There are 2 protein chains.
Amino acid sequence: MKAEIIAVGSELLLGQINNTNARYISSGLAEIGIDVHFQTVVGDNPGRLGEVIRIAESRADLLIFTGGLGPTKDDLTKETIAHHAGRRLVHDEAALRSIEGWFKRMGRPMTENNRKQALVLDGAVVLENRHGMAPGMLAASGGVHYLLMPGPPKEMEPMFTEQAKPLLAQIAGEDGRIVSRVLRFYGIGEAELEERLMDLLDNQTNPTLAPLASDGEVTIRMTAKTESREEAVVLLDRAETEIRKLAGEYIYGHDDETLVSKAASLLIENRLTISAAESLTAGLFMAELAEQPGISAALAGGVVTYTAEAKTAQLGIPAEFLKEHGVVSEETAAAMASSVLAKFSTDVGVGLTGAAGPDPHDGEPGGTVWVAIARRGGSMETRKLLLSGMRNTNRIRAVKSALHILIRMIG
Amino acid sequence: MKAEIIAVGSELLLGQINNTNARYISSGLAEIGIDVHFQTVVGDNPGRLGEVIRIAESRADLLIFTGGLGPTKDDLTKETIAHHAGRRLVHDEAALRSIEGWFKRMGRPMTENNRKQALVLDGAVVLENRHGMAPGMLAASGGVHYLLMPGPPKEMEPMFTEQAKPLLAQIAGEDGRIVSRVLRFYGIGEAELEERLMDLLDNQTNPTLAPLASDGEVTIRMTAKTESREEAVVLLDRAETEIRKLAGEYIYGHDDETLVSKAASLLIENRLTISAAESLTAGLFMAELAEQPGISAALAGGVVTYTAEAKTAQLGIPAEFLKEHGVVSEETAAAMASSVLAKFSTDVGVGLTGAAGPDPHDGEPGGTVWVAIARRGGSMETRKLLLSGMRNTNRIRAVKSALHILIRMIG
């Protein structure tokens, strides 16, 4: 079964909102083994929408529409499909009652155009809208399935997941189970990873392997299609073992794990407390960590020392020390880490200093960063980064690198 | 000129990421008066991409592609277009040197597949990639313009805005000048602002007025279309005056200004130094400020005191004081602000404390936040926020609110 997702709405073409519905539906369809071949956005224009439907019918057998089911005269998705497929529109009694009930509850008069929202394609399975007024519907005609859902994500998302997806899974039939797993890499570029895995990427068909790079990280999504979940897991395990042989040292997690969620859960599990002294990242390391649930057990706090004076006054690093080694140096990063650990009496102390760029800082070229992580008892790990991004990209990379060292240290 | 935006990438069809590029480009094209009629997403599949190009050429005269310019063999956008339009691909020397330079700086070997990124359509205007490797390009063939840009938003967005958009504005021609201006509001909701401006929004046609809400802020984009830039500016000034009469007290800036950029430039202009003591925001206020160019003249640093103990040990706020007033209180926020100001001897000190939510903290319901800003000499401003978002939304709102107070205080 091949699907095309069609969003109807001029606000999308004007760039006022992102088409998050397409991502949501695509991700749900991937889980039930339905391939999405195209996503299309078209405005509130019956001529162009009709043309989009004609093209979609020629290349897909499941057309999923979002938007254009509302009460205004711009909302014309079902009218256009009805006209196109030669189907009548009829009032759905349950939907009509639910719309009338809403206006009664709100104590507002129901205007005539709201009755239009209860119109559905004759013969369609009606999907209840539990978070709004316009119902959804699923209809079939000439071997093509048409699923129509409202545009607002708050209405569409639960309707899709609770009602439409189970129906589609049935229609798509059980030609095998789809199970996927994501491997997450840090410290290796996409091109280099693909070179290492070239044979696998070229020859592996079940599971399929799809690499994706973003923000200095690379992921590989493995998707297996088998008769049972157990068989799929065996195939995924086997592929993961192969990948680990070739690039295992760069894998830090699975699925929805991120560097920061992994670091936070390791800190919490191991009952370790942490503090940070941040210069170029100016609090970003701590702020990222603070987004993680349960982190208050681990994160004590820390110091942002943006200037050399602050490093001396707040962390007790002598001005002569900074002059001798430089503000951007392994020694200064290490002194910051030890000092903040002692000051906050935590188990782990992080020091981050560098030249965010593009200009040099204290004699070091832009993009030079030193990360140090100290542990109670005196052990210390440091890493030098040479980054080439913009200031803020370099800051984010510096934070990720600190999280990565931390994961390896306490993992 | 009618545009179609075509995103190439199977990760979009698998629902792994949102197609934010389509929104970004659509919004930019709206500013220069180019209508987007369709947005399309297609996978890394040359057959289907070729078909999408054929359809797009039949209904648009500007085809904008994002994605598929990378080094891997899945990246085939330019190869497919070259094949389709009968154009050769040639190495762009500047791009090649820049890619080689990147590998040299990183001290990594350059793999052969990376050379492919420097290939461009013969005769195209090459767009430099200032944040990555693959250059963009703009080519014309048979009355159709083809704009190719990389997929990662960090690379695409600046390339589009700085290089492609000015070229497209020229090509689209001067059928009247389009000048737009954005007014930025803080402290008023979209619905309330629309009520205040109802008459204007309903009747104003040149400039057009388009309100948009996001992240607790509202903007109104005014777009005027006239014979000359001067006339457009007159119309924009007149509309702004009308809007200021109705809701001027909520306007804090124009165009690309943000709360943080405005706050940073006011600090720098007024030669004021700043420090912050952050609890629920855990460094986010300082990290946001640190993203602004030139901020090292103003930002000294600060302290993150995530726990009550840290507030006592690092800021010298007695445990009894915290017990008496509560950790989430006006008094504690003010004490944090004064203490960090003294500790870092800055002109301004910011204190942020609160219950990020959803759980209560120290007896205060989730979403309760106190912001305090102290100035050298003793003056102090405080604000209580009752927020209803998720933890991280509440953190961002708390930071924005602090920036807003700061702007009113020193502006």
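This is a predicted model: local features need pLDDT of at least 70, side-chain atom pairs count only at pLDDT 80 or more; totals for chains, interfaces and linings use all residues.
Hi everyone. Residues are numbered from 1 along each chain as its sequence is written, chains are lettered from A and ligands numbered from 1 in the order in which they are written, and side-chain values use heavy atoms, with hydrogens and water left out.

Over residues 4-170, chain A is 43% helix and 23% strand. Here helices (H or I, at least four residues) and strands (E, at least two) are DSSP runs, numbered from the N terminus.

Now to a hairpin. Strand 10 (residues 208-214) and strand 11 (residues 217-226) of chain A pair in the antiparallel sense over seven bridges; pairing requires at least two DSSP bridges. A:T208 sits opposite A:T223, and A:S214 has A:E217 as its bridge partner. Two residues lie between the strands, and A:D215 takes a positive phi near 55 degrees.

How enclosed is strand 11 of chain A? Seven of its ten residues are buried, so the rest of the structure largely encloses it. One residue of this strand is A:T219, which counts as buried because its relative accessibility is 14%. Leaving aside neighbours within four places in sequence, A:T219 is in contact (heavy atoms within 4.5 Å) with A:V182, A:L183, A:R184, A:A210, A:P211 and A:L212.

Next, a sheet that draws on both chains. It is open, has ten strands with mixed pairing, and runs 17(A)-16(A)-15(A)-13(A)-14(A)-14(B)-13(B)-15(B)-16(B)-17(B). Strand 17 (380-386) of chain A and strand 17 (380-386) of chain B are at the edges, each with a single partner strand, so one side of each has no neighbour in the sheet. On average, neighbouring strands are turned by 10 degrees against each other, direction ignored. Within the sheet, strand 13 (residues 274-278) and strand 15 (residues 348-354) of chain A pair in the parallel sense over five bridges, with A:A277 opposite A:G351. Helix 14 (residues 330-343) of chain A packs on the sheet, and its direction makes about 145 degrees with that of strand 15 of chain A. Those axes are lines fitted to C-alpha atoms, for helices over the stretch in contact, with angles from 0 to 180 degrees between N-to-C directions.

Finally, which residues touch the most other members of the largest nonpolar core? Of its 84 residues, they are A:F285, A:L289, B:F285 and B:L289. Such a core is a set of buried Ala, Val, Leu, Ile, Met, Phe, Trp, Tyr and Cys residues joined through side-chain atoms within 4.5 Å.

Methods. Buried means under 20% relative accessible area, exposed over 50%, partly exposed in between (1.4 Å probe, protein chains only).
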